[in-house]
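Open the model and follow the chain with me.

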Amino acid sequence: MTLAWGIVFLAALLLAAASWLWAPPLLLEWRRARMRRRPFPPEWRDMLRRRMPLLRRLPADLQLQLKKHVQVLLAEKPFIGCAGLVVTDEMRVLIAAQAALLLLNRRTGYFGNLRQILVYPGAFIVERSTLEPGGIAREARQALNGESWQQGQVILAWNAVLEGAAAPDEGRNVVIHEFAHQLDQETGAANGAPFLGRRERYARWAAVLSGEFERLRERVARDEPGLIDSYGASDPAEFFAVVSEVFFGKPQELAARHPALYRELATYYGTDPLTW
Ligand SMILES: [Zn+2]
């Protein structure tokens, strides 16, 4: 009898510990499933068709996935207007829909580190201090269309968001760029290597991306034009963000001219924009 009660007590204790450990993720998953079931307002759908031509090219199942991801992102991520901007549904939905391109076909934590999306009407000015030779710090003002912070913020210029969405074949998209940085920053400071899952995938990723990065740096040093924007030569983190833009915007060119890089990105993103 005593032993039986002991077992019951132990089982209850284990159950309590298990539910304490599992409840938050289960609750979160339940809440997200509910968000994904929400009907997608027709005015959002019409706005996206108008503002984001890429959406119409997506296969129907991916369009549906994307709309579900938009619902979760809108429910979880606060959008904050800056410099007098009043954030509208159009802004929130268009930003979330482009960010959701990076989440299709993948197990996703919905940019787990991201706490806020700040939106400016246009380019915003940041003060950057750079170290000059001799160790003297110099303050420089820079106008930016986007930034991603590891502390959980993405900052976007609304006019650049509109431009990127309107011209999907340009291979330039500030939302894809900054949210790719967020994926990279999920594993610590941005270094061009997002979470890849199995260990053996990191070696191939590093070999392919660092090889392509070096070739880009050489091309930029020779001042030659090319498919991948020279800004990607800044560092491996910018390289990953820039080639993510090209992957979704110019998949044909990327696959033809950098097939190994295209394959790595297609495996990571779980999608093949060549077929869209
Ligand atoms: Zn960047």
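Helices here are DSSP runs of H or I with at least four residues, strands are E runs of at least two, and both are numbered from the N terminus. This is a predicted model: local features need pLDDT of at least 70, side-chain atom pairs count only at pLDDT 80 or more, and totals for chains, interfaces and linings use all residues. Residues are numbered from 1 along each chain as its sequence is written, and side-chain values use heavy atoms, without hydrogens and water.

Now look at helix 11 itself. Helix 11 spans residues 259-269. Its buried residues are Leu261, Tyr262, Glu264, Leu265, Ala266, Tyr268 and Tyr269. Buried means under 20% relative accessible area, exposed over 50%, and partly exposed in between (1.4 Å probe, protein chains only). These buried residues pack against helix 7 (174-185), helix 8 (200-221), helix 9 (236-249) and helix 10 (251-257).

Step back to the whole chain. It has 11 helices and 6 strands. Of its 276 residues, 43% count as buried. The C-alpha atoms fill a box of roughly 85 × 50 × 45 Å, taken along the principal axes. Take contacts (heavy atoms within 4.5 Å). Among those between residues at least 6 apart in sequence, 64% join residues at least 24 apart.

Finally, go to helix 1, residues 2-37. Arg37 is found in this helix. Is Arg37 buried or exposed? Arg37 counts as exposed because its relative accessibility is 60%.
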